Amino acid sequence: ENDNLIEIDEKTFRLTDFQRIFYEYILNREKFSISAPTSAGKSFIFKRAILSKFKNNPNQNIVFIVPTRALIIEFSKSMRKLLKEYNLSDIEIR
């Protein structure tokens, strides 16, 4: 279990094996696509990986494509909240 811990600004997150591998994969790639069951925690990992990327370089551009307008709204809203929590609310989400 300790191998699957990640820390972002002194907050620790316990991940599953899949989530840890996926998180590290995202951080080391520029482009990727994933398909996994709903219960795999993809959105949770996407958000934490995006947060980590912005913490390392707040001037970068990240494109996240979702299949519906409802998911765009949901993801944008939760990402804004997460960025605000980590004092990155000046990052623009469109």
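This is a predicted model: local features need pLDDT of at least 70, side-chain atom pairs count only at pLDDT 80 or more; totals for chains, interfaces and linings use all residues.
User: Where does Asn4 lie?
Analyst: In the segment before strand 1.

User: Which residues does Asn4 touch, leaving out those up to four places away in sequence?
Analyst: Phe13, Arg14, Leu15, Thr16, Asp17 and Arg20.

User: And what does the side chain of Asn4 make a polar contact with?
Analyst: With the side chain of Asp17, at 2.7 Å.

User: On to strand 1. Which way do its side chains point?
Analyst: They alternate. Ile6 and Ile8 are buried and point to one face.

User: How many bridges join strand 1 to strand 2?
Analyst: Four, and the two strands run antiparallel. Ile8 stands opposite Lys11, a residue of strand 2.

User: What about the hairpin of those two strands?
Analyst: Two residues sit between the strands, and Asp9 takes a positive phi near 50 degrees.

User: Back to Lys11. Where does its charged end sit?
Analyst: Over the ring of Tyr86, 4.9 Å from the ring centre.

User: Let's talk aromatics. How many aromatic pairs are there?
Analyst: Eight in the structure. Take Phe22 and Phe32: their ring centres are 6.2 Å apart and their planes stand at 85 degrees, so this pair is edge-to-face.

User: Which parts does that pair tie together?
Analyst: Phe22 is in helix 1, residues 17-27, while Phe32 is in the loop between helix 1 and helix 2. The pair therefore links parts that are ten residues apart in sequence.

User: What does Phe32 form with Tyr25?
Analyst: An aromatic pair, edge-to-face. The centres of Tyr25 and Phe32 are 6.2 Å apart, with 80 degrees between the planes. Tyr25 is partly exposed, at 34% relative accessibility.

User: Which residues form the aromatic cluster?
Analyst: Phe18, Phe22, Tyr25, Phe32, Phe46, Phe64 and Phe75 form one cluster.

User: Which ones are they?
Analyst: Lys42, Ile45, Phe46, Lys47, Arg48, Ala49, Ile50, Leu51, Ser52, Lys53 and Phe54.

User: What covers them?
Analyst: The cover includes strand 1, strand 2, helix 1 and helix 3. Helix 3 spans 69-85.

User: How far does helix 2 reach?
Analyst: 21 Å from its first C-alpha to its last. That is close to the 21 Å expected at 1.5 Å a residue.

User: Last one, Pro58. Where does it lie?
Analyst: In the loop between helix 2 and helix 3. Pro58 is partly exposed, with a relative accessible area of 44%.

Key
Residues are numbered from 1 along each chain as its sequence is written. Side-chain values use heavy atoms; hydrogens and water are left out. Rings of Phe, Tyr and Trp (its six-membered ring) pair if their centres lie within 6.5 Å; planes under 30 degrees apart count as stacked, over 60 as edge-to-face and the rest as tilted. Buried means under 20% relative accessible area, exposed over 50%, partly exposed in between (1.4 Å probe, protein chains only). A charge sits over a ring if NZ of Lys or CZ of Arg is within 6 Å of the ring centre and within 35 degrees of the ring normal. The expected span of a helix is 1.5 Å times one less than its number of residues. Contact means heavy atoms within 4.5 Å. Two strands pair if DSSP finds at least two bridges between them. A polar contact is a pair of N or O atoms within 3.5 Å; within protein, one must be able to donate a hydrogen and the other to accept it, and residues adjacent in sequence count only if both atoms are side-chain atoms.
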